[in-house]
Structure formats: C-alpha cells, structure tokens
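Here is a short tour for anyone meeting this structure for the first time. Have a look at the picture, then read on.

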Amino acid sequence: MAGILESPLVASLLESDFPEELYLIALSGKPHLHLCLRAENVPGYDVVHGVACGKDEAEARKIMSYYQFPGVPILHPFEEAREIAKSKGEPIMGLLLEDGEGHCIAFHFVR
C-alpha cells in the first residue's frame, strides 16, 4: 500500500483540502443516518466506501438527485463529519467529497 500512496495522482486526491464545513445528506425520516456511497474511483483501491458529502448545499442536492436518494443536506463542521464517518464502522473508510455527478473529487480516510 505504501507504493500506492506515493503515486502523485493518489496523493493529489487524498491530500486535497476538505472544506471546514461539509454538507452531509441525512436520509428522510432517519436524520441519524447519512448517505453512504460505494466509490470505485479512488485510485489505487478496488472499492472504497465513504459517507457522501458536498462542499456546498447545491452540490449536496446534486448528489441526492444523482443517486435518487430522498434526504436533506445538513451542514456539519469537518471534525463532526469525520466523527460521523468513524461511527459508521466497516466498510465505511472515510468522507467522500463528491462533485454531484458520481465522481469522487477528494477522499479523507478516517481508518
């Protein structure tokens, strides 16, 4: 895995600065549950699971629309969003910053 993490492409994806606040999607009727996604496009990994988030409310709404999930975008400080991802347990590995069109633009590992 050390070789994978040395890749410039992976380094740029994993070291991307996350916003200080993120929009997570609380599923309708279950505000304690947040949208988790399977991400196949994190370089160097076959499949990575993460809690979906957007850098603003508009992107969070695009994520909801793209995946056709009913929910509400909720603003969380980065550290709180990180704790939510940690609380999910396996196979969730971190926060998945999405572009609203199914592409991972940054991934923050929490385990």
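## Before we start

This is a predicted model, so keep in mind that local features need a pLDDT of at least 70 and side-chain atom pairs count only at pLDDT 80 or more, while totals for chains, interfaces and linings use all residues. Residues are numbered from 1 along each chain as its sequence is written, and side-chain values use heavy atoms, with hydrogens and water left out.

## Helix H4 and its buried face

Let's begin with H4, which covers residues 78-87. Helices here are DSSP runs of H or I with at least four residues, strands are runs of E with at least two, and both are numbered from the N terminus. Which residues of H4 are buried? They are Phe78, Ala81, Arg82, Ile84 and Ala85. Looking down the axis of H4, you would find these buried residues within an arc of 160°, so they line one face of the helix. That arc is taken from the directions from the helix axis to the C-beta atoms. "Buried" means under 20% relative accessible area, "exposed" means over 50%, and "partly exposed" is in between (1.4 Å probe, protein chains only).

Just past the end of H4, Gly89 takes a positive phi of about 75°.

## Glu80 and its neighbours

Glu80 also sits in H4, and with 39% relative accessibility it counts as partly exposed. Its side chain makes a polar contact with the side chain of His76, at 2.6 Å. A polar contact is a pair of N or O atoms within 3.5 Å; within protein, one must be able to donate a hydrogen and the other to accept it, and residues adjacent in sequence count only if both atoms are side-chain atoms.

Glu80 and Glu21 are 59 residues apart along the chain, and 9.0 Å separates their C-alpha atoms.

## Salt bridges

How many salt bridges does the whole structure have? The search finds 3, taking a salt bridge as a side-chain nitrogen of Lys or Arg within 4 Å of a carboxyl oxygen of Asp or Glu. One of them joins Arg61 and Glu57 at 3.0 Å, N to O. These two are 4 residues apart in helix H3 (residues 57-67), about one helical turn. Arg61 is partly exposed at 43%, and so is Glu57 at 34%. An α-helix has 3.6 residues a turn, so residues three or four places apart point the same way.

Another salt bridge links Glu90 and Arg111 at 3.8 Å, N to O. Glu90 lies in the loop between H4 and strand E6 (92-98) and Arg111 in the segment after strand E7 (104-109), so the pair ties together parts that are 21 residues apart in sequence. Glu90 is exposed at 61%, whereas Arg111 is partly exposed at 35%.

## Cysteines

What about disulfides? The count is 0, where a disulfide needs a pair of cysteine sulfur atoms within 2.5 Å. For Cys53, the closest cysteine sulfur is in Cys104, 9.0 Å away, which is too far for a bond. Cys53 is buried, at 0% relative accessibility, while Cys36 is partly exposed at 32%.
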